[in-house]
Amino acid sequence: MDDKKKDFWDKLQASSTFLIPLIIAVVGWHFTERYNQNQLDLQSKSAEKQNDIENIKLQVAQAQLTKDLMQQLTSADRTTSDIALATLVYSAPALGKNIADLVARKGGSSQEVVANIYDGKRADLINRLFSTSAATRLSAYTEITTSWLNDEQMLAALIAQARRALGSSDMLIDKNNGVYNSLVVFKNYPTKMLTKWKPQLDSLVNAIPPGNGKTRALANDLMSKIKG
């Protein structure tokens, strides 16, 4: 009996020689993973806070710009007020568009001025959405989804640009990311508005190369939204 107990403890001791380093390695890996995850979480929270701070700074700057331009905006000289309004729409996107919408409601020549500013702004945003710079594309996407989702002309112009880009060899645009980002923008539009443009969207989706699986999957998801 004693020999059996001794044999058991000898085997256990021999096994522990191999098990202890393994256990230490597993525990070490576990704590390393936890540490790395905690560091990533801290970095993510720090980035979110920094982003919030930057957004607040941007809002303050836009509010200050509006205040600085108020005299020009209310000027009796139409050229001065028109230039100030265009500056506001381009430099303080959300706030500027809200003010421009109010000006457009006056009708008459004011409506025409705003329409011209908006035509230029739409073209600018769409060009930026197809930029080769990721930061520029993100900025355009954010502005469109923040301020232009009730604008049917923006939707129509973006569909047309995405369709043209698919057949373009222009190296100055990023057609792959541009088309993909356009589809993401479309998904944010009201379904009722998208349905009106279903034939154009169908044409766009059918033109997407089969090999572009990620973009085609997003396009199919978009069309499922329209079909309900």
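Predicted model: local features only at pLDDT ≥ 70, side-chain atom pairs only at ≥ 80, totals over all residues.

Analyst: Numbering starts from 1 along each chain as its sequence is written, and side-chain values use heavy atoms, without hydrogens and water.

User: How many helices and strands does the protein chain have?
Analyst: Helices are DSSP runs of H or I with at least four residues, and strands are E runs of at least two, numbered from the N terminus. By that rule the protein chain has zero strands and 10 helices.

User: Which residues of α5 are buried?
Analyst: Helix α5 covers residues 134-147. Buried means under 20% relative accessible area, with exposed over 50% and partly exposed in between (1.4 Å probe, protein chains only). The buried residues are Arg 137, Ala 140, Glu 143, Ile 144, Thr 145 and Ser 147.

User: What is the geometry of the aromatic pair of Tyr 118 and Trp 148?
Analyst: The structure holds one aromatic pair. Rings of Phe, Tyr and Trp (its six-membered ring) pair with centres within 6.5 Å; planes under 30 degrees apart are stacked, over 60 edge-to-face, the rest tilted. Tyr 118 and Trp 148 lie 5.2 Å centre to centre, with 70° between the planes: edge-to-face.

User: Which residue lies over the face of Trp 148?
Analyst: A charge sits over a ring if NZ of Lys or CZ of Arg is within 6 Å of the ring centre and within 35 degrees of the ring normal. At 4.7 Å from the ring centre of Trp 148, the residue is Lys 97.

How values were computed:
Expected span 1.5 Å × (residues − 1).
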